[in-house]
Amino acid sequence: ERSIGAGAMEHASLGASAEEPEPTDGVFEEIGDAHERELPGAAIYQIKATLRGSRPRIWRRIRVTGDVTLGGLHDILQAIMGWHDHYSHRFVVEEITYGVPHPEYWPDVVDEDEVRLNEVAGEGSRFVYEYDFPSGWAHVLEVEKVLVPEPGQEVPVCIKGRRAAPPERMGSMRMYDYFLETMQNPEHPEYPGNPEFLASFGGDFDPARFDLDEVNAALRELG
């Protein structure tokens with residue numbers, strides 16, 4: 001595969017180590033002038049999505065077309081996390097907010113269905129996707145590479161990831177961490193946690209589980 005532009009950044013091949021630095025510094029800042037380059041609409045963007053505040057890190061590495069709308073990217077991110085779009089969301093790129101406009105509650109947001117990924121980001125860009133904000137789930141999205149498409153290449157696709165996504169109704173990373181502590185520690189005064197809540201998302205939750213085939217099956221269902 002060939003990368004478009006001057007080449008991937010030094011951090012383009014970040015691994016799955018739980019000790020990776022938190023990719024949050026400067027997420028609203030432009031990194032070089034990568035996003036200003038003219039990129040072909042059919043180019044393939046390799047993006048690493050990391051759930052902010054997760055330790056060990058919860059992340060997914062995906063490939064999508066550069067001409068996907070931000071609304072389409074939202075659907076992809078929901079699928080790779082196993083969530084169901086129950087709550088509001090937004091993208092923040094260089095302090096500009098993209099989402100679903102509402103004439104009364106959110107009139108100034110830029111319509112995500114009118115903006116394509118390659119219009120706001122290029123190789124090396126970082127931006128934020130928030131779901132169930134302000135207290136819910138924030139992801140740092142890093143464009144690791146912009147690739148020349150190959151014949152028959154399947155996109156969107158997840159090529160790697162680590163750990164299960166928190167149940168979306170958990171509400172925040174703080175609540176998720178507390179839930180894991182409660183669920184996994186027999187000495188905890190509230191062990192075994194909330195059985196009814198645990199049963200509400202299948203009754204058996206393994207925070208270390210990541211099933212690549214399952215994630216890609218969800219992406220194929222997007223059509």
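In this predicted model, Trp 83 has a relative accessibility of 7% and therefore counts as buried, the cut-off for that class being under 20%. Tyr 131 is likewise classed as buried, because its relative accessibility is 0%.

Across the whole structure, 5 aromatic pairs were found. One of them joins Trp 83 to Tyr 131 in a stacked arrangement, with ring centres 5.3 Å apart and an angle of 20 degrees between the planes.

A tilted pair is formed by Phe 91 and Phe 127, for which the centre-to-centre distance is 6.4 Å and the planes are 45 degrees apart. Here too the partners come from distant parts of the chain: Phe 91 lies in strand β3 and Phe 127 in strand β6, 36 residues apart. Both Phe 91 and Phe 127 are buried.

Trp 83 and Tyr 131 also take part in a cluster, held together by ring pairs, that includes Tyr 87 and Trp 137.

A contact of another kind, between a charge and a ring, involves Lys 48 and Trp 59. Lys 48 is positioned over the face of the Trp 59 ring, 4.6 Å from the ring centre.

Technical notes
Residues numbered from 1 in each chain as written. Predicted model: local features only at pLDDT ≥ 70, side-chain atom pairs only at ≥ 80, totals over all residues. Heavy atoms only, no water. Phe/Tyr/Trp six-rings, centres within 6.5 Å; stacked < 30°, edge-to-face > 60°. Buried < 20%, exposed > 50% of the residue type's maximum accessible area, 1.4 Å probe, protein only. Helix = DSSP H or I, 4+ residues; strand = E, 2+ residues; numbered from the N terminus. Lys NZ or Arg CZ within 6 Å of the ring centre and 35° of its normal.
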